[in-house]
Amino acid sequence: MFFDREKELSYLRSLLNSEPNQLLFIYGPINSGKTTLLLRFLESLGEEGVGIYVNLRSRPILRFDDFKDLLFSLTKSKDVLSIVLASMEVVFGIPVPKKIWETIESPRDAFEYITDLLNKLRKKGRLPIIVFDELQVLKDLRVNGPLIYELFNFFIHLTKELHLAHVIVSTSDGLFLSNVYTNASLYGRAKYFLVDDFDDETALAFLLSNGLTEKEAQIAVEYFGGKPVYLVETINERRAGRSVEEYCREQFMVRLHQMKPLVKKLKDPSILIDISEREVLEYDELTEDISMLARENVVFIDPVRGVIRPQGRLELNVIRFISKNL
């Protein structure tokens, strides 16, 4: 369900009026609606651009061939350019004829093919916009060295140097983004845009527009804040005849049982008290405790603003419950 992301869509649509010059990172807490937003944006391009979406989460990536399978989509036709130009819909995976796909044996081969295709699209007057969703899944993949750094260099080549295509990378992994943000090779060559959970007012409007009563909507927002995935599930459970409050309490207990064991792993559990009281904490360095809580999706690291905060209202509620006994 898509709802009220006009500010974010307006920002993304501004890319159509600008020459590709920087890599764009779309980041935010888990399940904040980044993928839904990006797909809606690509769907809206029409004849102004060509939207290409590469989903890196659909299966495990353990070697280059796995990455190659996700990066490309095989076509029977040799005339890939005509297929792309004729389509007014999102292109899932970079289209490639099977015979050419079979010759791609390295990242360099892949990059050369993609560059050639993008050049042809630009000559036809179409602006390619490529989205790589959840790029962090490649962070440990090595192909004669870390593949992720080869990709960054390629993205910079496409944007900063050749101005061929806008490249958008999405991630919900704050630890990964922290490493990226401090990477000197990306300084001045990348920009960052936060896609956050809904604010309470928007969350309430979304729930009310989908049939919840005002009381039910208030309960859901008290538990989940503006986390889109929980709001959608609340609507679905309500339509199935279930009590909203019952569902909310169930999800609270599930998250509580997931998070309680983590307290014993903390070197300094008082960090939970600090989060409980202040919600948003500035940090100078990522301690072992912060890193562990981020890996477990308890906190969200925002390196652009230099803060950590709970992944969502549910995590904040659980942290406050746990903190009472610390």
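Q: Is His-163 buried, partly exposed or exposed?
A: In this predicted model, His-163 is partly exposed, with a relative accessible area of 22%.

Q: Where is His-163 placed?
A: His-163 sits in the loop between H7 and E7.

Q: And what is its phi?
A: The phi of His-163 is near 55°, which is a positive value in a residue other than glycine. Most residues other than glycine have a negative phi.

Q: Which other residue has a positive phi although it is not a glycine?
A: Glu-134 has one, with a phi of about 60°. Glu-134 belongs to the loop between strand E6 (127-133) and helix H7 (147-161).

Q: Is Glu-134 buried or exposed?
A: Glu-134 counts as buried, at 6% relative accessibility. The cut-off for buried is under 20% relative accessible area, whereas His-163 has 22% and is partly exposed.

Q: Let us turn to the start of the chain. Which residues of helix H1 are buried?
A: Helix H1 covers residues 6-13, and Glu-8, Leu-9 and Leu-12 are buried in it.

Q: How are those buried residues arranged around the axis of H1?
A: Seen down the axis of H1, the buried residues fall within an arc of 95°, so they line one face of the helix. As background, an α-helix has 3.6 residues a turn, so residues three or four places apart point the same way.

Q: What covers the buried residues of H1?
A: The cover includes strand E1 (23-27) and helix H2 (34-43), together with strand E7 (166-171) and strand E8 (190-194).

Q: What does UniProt list for residues 20-191?
A: An unreviewed UniProt entry lists residues 20-191 as "domain: AAA+ ATPase".

Q: How far apart are the ends of that span, and how much of the span is helix and strand?
A: The end C-alpha atoms of residues 20-191 lie 12 Å apart, and the span is 40% helix and 22% strand.

Q: Now the helix pairs. At what angle do H9 and H11 pack?
A: Helix H9 (residues 200-209) and helix H11 (residues 228-239) pack at an angle of about 25°, and their axes are 10 Å apart. That angle makes H9 roughly parallel to H11. The crossing of H9 and H11 is right-handed.

Q: Which residues meet there?
A: From H9, Ala-203, Phe-206 and Leu-207 meet Leu-231, Val-232 and Ile-235 of H11.

Q: What about H12 and H15: at what angle do they cross?
A: Helix H12 (residues 244-259) and helix H15 (residues 313-323) cross at roughly 60°, and their axes come within 10 Å. This crossing of H12 and H15 is right-handed. Among the residues making the contact are Phe-252 and Leu-256 of H12 and Val-318 and Ile-319 of H15.

Q: Which residues does Ser-276 touch?
A: Leaving out residues up to four places away in sequence, Ser-276 touches Leu-316, Ile-319, Arg-320 and Ser-323. Ser-276 itself lies in helix H13 (residues 270-278) and is buried, with a relative accessible area of 14%.

Q: What does Val-304 touch?
A: Not counting residues up to four places away in sequence, Val-304 touches Tyr-27, Tyr-181 and Tyr-192.

Methods: Residues numbered from 1 in each chain as written. Predicted model: local features only at pLDDT ≥ 70, side-chain atom pairs only at ≥ 80, totals over all residues. Heavy atoms only, no water. UniProt positions renumbered as here; feature names shortened; annotations may be inferred. Helix = DSSP H or I, 4+ residues; strand = E, 2+ residues; numbered from the N terminus. Buried < 20%, exposed > 50% of the residue type's maximum accessible area, 1.4 Å probe, protein only. Arc of directions from axis to C-beta. Contact = heavy atoms within 4.5 Å. Axes fitted to C-alpha atoms, helices over the stretch in contact; angles between N-to-C directions. Parallel < 35°, antiparallel > 145°, perpendicular 65-115°, else oblique. Left-handed = near helix turned anticlockwise from the far one by under 90°.
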